[in-house]
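I opened my notebook to get to know a new structure, one look-up at a time. Come along and check each entry against the picture.

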2 protein chains.
Amino acid sequence: MKFNQYKELFEEFMTRKLPKVFPQNLYEPYHYILQLDAKRIRPAMMMASHECFAPLNDDVMTAALAIELFHNFSLMHDDIMDKSETRRGFPTVHIKYSENSAILSGDALLILSYQLLEKIENPIHFKEIYKVYNKTAIEICIGQQLDMNFESELTVTEPEYLMMIEHKTAVLLACSMQIGAILADAPEQDKKAMYEFGINVGMAFQIQDDLLDTFGESAKVGKVIGGDICNNKKTLLYIRALANAHATHKELLQQWSQINTFNKDKVQEVTRIFVDSGSKTYCIAKRDEYYQKAVSNIESLSISDDLKKGLKEFANLAVDRLK
Amino acid sequence: MKFNQYKELFEEFMTRKLPKVFPQNLYEPYHYILQLDAKRIRPAMMMASHECFAPLNDDVMTAALAIELFHNFSLMHDDIMDKSETRRGFPTVHIKYSENSAILSGDALLILSYQLLEKIENPIHFKEIYKVYNKTAIEICIGQQLDMNFESELTVTEPEYLMMIEHKTAVLLACSMQIGAILADAPEQDKKAMYEFGINVGMAFQIQDDLLDTFGESAKVGKVIGGDICNNKKTLLYIRALANAHATHKELLQQWSQINTFNKDKVQEVTRIFVDSGSKTYCIAKRDEYYQKAVSNIESLSISDDLKKGLKEFANLAVDRLK
């Protein structure tokens, strides 16, 4: 099945099965964020992983809905913490409703995602899923905390950065892939390979996301180019440039970091340093390294070449930012 | 076992088993709130319920820890939403650390409480507990939302108020009692009676809490008397007085509700209306009605009279505010 078919199938399921709670103002904020146009990467990956071993069924759709609910809970809370005012071109929940709504409705969404897992009847499936789900959920909190900590830290190392994006982004993709495989009774080593594939795709995706924020085309990326530079975000591009640029460039980077409003000259000059210091090239190589690892994970699976081809498209989409 | 022995035993267990996460600033805020002196009502009730049918074991201690973690997660988030600056005489988490810390560390605490439940090996116990846990967790979100909604609503009816306190307070006590019974393989009707006991104790507790806020002694209650009156809280005392007072008193209540800073005259006059309108008497009767229901729930249990006596002490403590 193609990526867009998964998305369509998933959204049709979500429309029917999204849990409703009263009062209205507890339900509305999470319904709002869930109906915004989204790529549904995590459900699609879970469904794709499952389909490599068994046809789709209600259990995998339910687990996919749980993952999407979890993801949107974390978006609602992260948006408060990061003071983000828009998401996918629309006001974030705490802006449209209130901060209290975004906190409480987010809490409800997290609990509802756990409640959905009740529906998985097979106790062996359930227990296995429950463990990876909890582990992943905690790791995502850790990722968000590390990301917030980076804001006030003067230097962030490359391993620290990689650990942060692994926790904040990659583990939920990995968890999705693994749950799909668990529910399809895939062989042990395939479950592990699916998890690793999710990690590597997630890492490639995040590095590509950082690259596009500086080197993408505004229309394609759907946001203003240079946002990370203006906000002094400690991306791999920045970390690598600061570590490897020559003294004059380092000084310039540090000078520009005093300014954190939108500034065209800053974007232009810092972008140039990212290129001249070799940081851009390094990040592309790093992204491709993860991409290649993801491809190896696919190769190791005990599935047909046709199915492998399908998964490879996911890896390609990730590097092209899963549009 | 006596209430304080449960508390002691529980706290010793918590000290050893509280899950740790990194980084430090994700862990510290929830460790801080959990080490504040607290009554540990919910763990104690779970342990007491369990001990009516079987000796304490690791499973019930783990579930008790999960409940206490859940409770403190909800305190951390409620304190942000309610803009509460102190709790048990100490700064609340969002005041001591930051709002972001209270959001994220609260999220982590909720997830860790779910993760603790993994340790319950018996799949039948687990599934039963998981269902009541999820249901209760959602109900608590609903209770908090209703409570917040009351602030901007002009009139709140008695059934609306009772529904709110049932969701916000009583269900977690009920859930604690029921989980204790589930883990001890109590007969079906006893599990239900334990749940109902928790509901009725919770309702009596909350109405008593409201009564003490107006009619208690400051030193005993541990807070300034008249706080609810000053904040125009729609307690049962207020709702009943507004519904039943004669026209002049109704008008006075409405006039005073325009002022929401601390005002001695307001406290004095509104307190007098609570008495003269018969609202105080009504609330005491309502509290005692729930207390009596809790006693009947105990009577219905298939346990020894000695054990029944022990549970009755819990009900008494509740009406005396579980000090």
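**Entry one: confidence.** I noted that this is a predicted model. I looked up chain A and found a mean pLDDT of 94, with 98% of its residues at 70 or more. For the complex, the predictor gives an ipTM of 0.96 and a pTM of 0.96.

**Entry two: where the chains touch.** How many residues of chain A are in contact with chain B? I read off 32 residues of chain A, in contact with 32 residues of chain B. I then asked which helices of chain A each supply at least two residues of that side. My list has H2 (24–35), H4 (58–81), H6 (99–117) and H7 (123–152). H7(A) gives the largest share, with 13 residues. I sorted the side of chain A that touches chain B by residue type and got 21 nonpolar, 8 polar and 3 charged.

Is their crossing left-handed or right-handed? I wrote down left-handed. The residues of this contact between H7(A) and H8(A) divide into 15 nonpolar, 6 polar and 4 charged.

Key
Residues numbered from 1 in each chain as written. Chains lettered and ligands numbered in written order. Predicted model: local features only at pLDDT ≥ 70, side-chain atom pairs only at ≥ 80, totals over all residues. Contact = placed C-beta atoms within 7 Å. Helix = DSSP H or I, 4+ residues; strand = E, 2+ residues; numbered from the N terminus. Nonpolar A, V, L, I, M, F, W, Y, C, P; charged D, E, K, R; others polar. pLDDT = per-residue confidence, 0-100. Left-handed = near helix turned anticlockwise from the far one by under 90°.
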